[in-house]
Amino acid sequence: MPEPAATILSSIRMGHRLCVLLALVWFAGCTPRADLLPDAAALAGDVIVPIYVGTTRAQEAEGAWSAKTAGPLTYARVDVNVPKTGKPGIVALPDAHPDPDRHFLTQSVTPLAGRDTFRAEVARALASGKIRGNEVVVTIHGFNNTMGEGVFRTAQMIRDFEIEALTLHYAWPSRGAPLGYAADRDAVLIARDGLEQMLEDLRRAGARKIVLVAHSMGAQLTMEVLRQMTLREDRATFSRISAVVLLSPDISPALFRAQAEAIGDLPDPFVIFTSQNDPALRLSARLTGVPRRLGNIRGVKEVAGLNVTVINLSSARDAGSNHLAALTSPSVISFLKETEAIRQGLEADASGRAGLLPGTMLLAQEATAIMLAPVALIDQGLR
């Protein structure tokens, strides 16, 4: 029996909205695309940031990795030129005229032969005295990312937040394509062992504190690995995870709760950045048939009872993409840097004064929500 005209029109409209939303997400996040091909212009750069990369991608040539799964975990060191005049939150890429003062550029890519070589390299870096507290930050990218985009975004984070820890990036084999959502979800599951091995290597190299910063679909990978380590009873490595930060996590709230309950005691602090104005997560919700993702929950009901902190960035209006507001919004970056300074001050202050954090602190059972609304006004207040 033919479908009613109204049903057909509704389906067409729904498909049109999905196409428009997909186009917005695609053009907002991937033009142009970053790669890791060394650029001679980077040799004249003044600010070079070393990023260690662990990946299960297949390397095709120098500075080029495909979306194919290589199988075993491999490592490399990428020296990134960070522009001196860069604006907070912006990863500026070159056109026909690369300029080390204005653009992120790859200076060099050095493959590391085997896990033992990687451990020795990290051990030397930690023993140099330049790494505060033997702390390591590991970033995990999300859906539709090239390896270059993940590395450059990590370098931008180091610059904007003035991170002094040793920094690594885990590059799982995303297709780097807007129509590769289902393939990326499969790739995340395949990439679990590689990330777990990387964290083990960091522990064996002497890392005392490991901070995990995962974006979008990378949050599902992170939670799966934490759960996997718990089931394997790898307390030696799990105990080194000193903090977890999930940026716009593309994971269903129900799955997150199940993973968190299987893990038990979550690393502390455990921070979740959310936004109701995230087109990428709205698209993900439609593709998965789940009404809401963890990264765009409206309150803290979905995580109540868990030892997590939810930071709502729905009011960040100056972000290049609300899907990455925590790293792209200048006002959010400024706020978070001030908040970290306040936290350190409180730790040093025996009186433990309260009321220093701007914004509203809400407590829902054991889930704390920091409502930043409006972020721009909070930023002005800090100044």
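The model is a predicted one. The chain has 383 residues, and buried residues make up 49% of them. Its secondary structure comes to 12 helices and 11 strands. If you take contacts between residues at least 6 apart in sequence, 77% join residues at least 24 apart.

Let me start with helix H6, which covers residues 217-231. From first C-alpha to last, the 15 residues of H6 reach 22 Å. Is H6 mostly covered or mostly uncovered? Mostly covered: 13 of the 15 residues in H6 are buried.

Now look at what lies on either side of H6. Ser 216 sits in the loop between strand S6, residues 209-215, and H6. The phi of Ser 216 is near 55°, which is positive, and the residue is not a glycine. Ser 216 has 3% relative accessibility, and the cut-off is under 20%, so Ser 216 counts as buried. Just after H6, Glu 233 also has a positive phi, of about 60°.

Another residue with a positive phi is Asn 144, where the value is near 60°; again, this is not a glycine. You will find Asn 144 in the loop between strand S4, residues 135-140, and helix H3, residues 147-161. The relative accessible area of Asn 144 is 9%, so by that cut-off of under 20% Asn 144 is buried.

Next, the helix pair. Two packed helices are described by the angle between their axes and the distance between the axes. Here the pair is H2, residues 114-127, and H5, residues 192-205. What are the angle and the distance for H2 and H5? The angle is about 50°, and the axes are 8 Å apart. That angle makes H2 oblique to H5. The crossing of H2 past H5 is right-handed.

Which residues meet there? From H2 come Arg 115, Phe 118, Arg 119, Val 122, Ala 123 and Leu 126. From H5 come Gln 197, Glu 200, Asp 201, Leu 202, Arg 204 and Ala 205. Sorted by type, the residues of this contact are six nonpolar, one polar and five charged.

One last backbone detail. Asp 268 and Pro 269 are joined by a cis peptide bond, with omega about 10°. Where is Pro 269? Pro 269 is in the loop between helix H8, residues 253-263, and strand S8, residues 270-274.

Notes: Residues are numbered from 1 along each chain as its sequence is written. This is a predicted model: local features need pLDDT of at least 70, side-chain atom pairs count only at pLDDT 80 or more; totals for chains, interfaces and linings use all residues. Side-chain values use heavy atoms; hydrogens and water are left out. Helices (H or I, at least four residues) and strands (E, at least two) are DSSP runs, numbered from the N terminus. The expected span of a helix is 1.5 Å times one less than its number of residues. Buried means under 20% relative accessible area, exposed over 50%, partly exposed in between (1.4 Å probe, protein chains only). Axes are lines fitted to C-alpha atoms, for helices over the stretch in contact, and angles run from 0 to 180 degrees between N-to-C directions. Angles under 35 degrees count as roughly parallel, over 145 as roughly antiparallel, 65 to 115 as roughly perpendicular and the rest as oblique. A crossing is left-handed if the near helix is turned anticlockwise from the far one by less than a right angle, and right-handed if clockwise. Contact means heavy atoms within 4.5 Å. Ala, Val, Leu, Ile, Met, Phe, Trp, Tyr, Cys and Pro count as nonpolar, Asp, Glu, Lys and Arg as charged, and the others, Gly among them, as polar.
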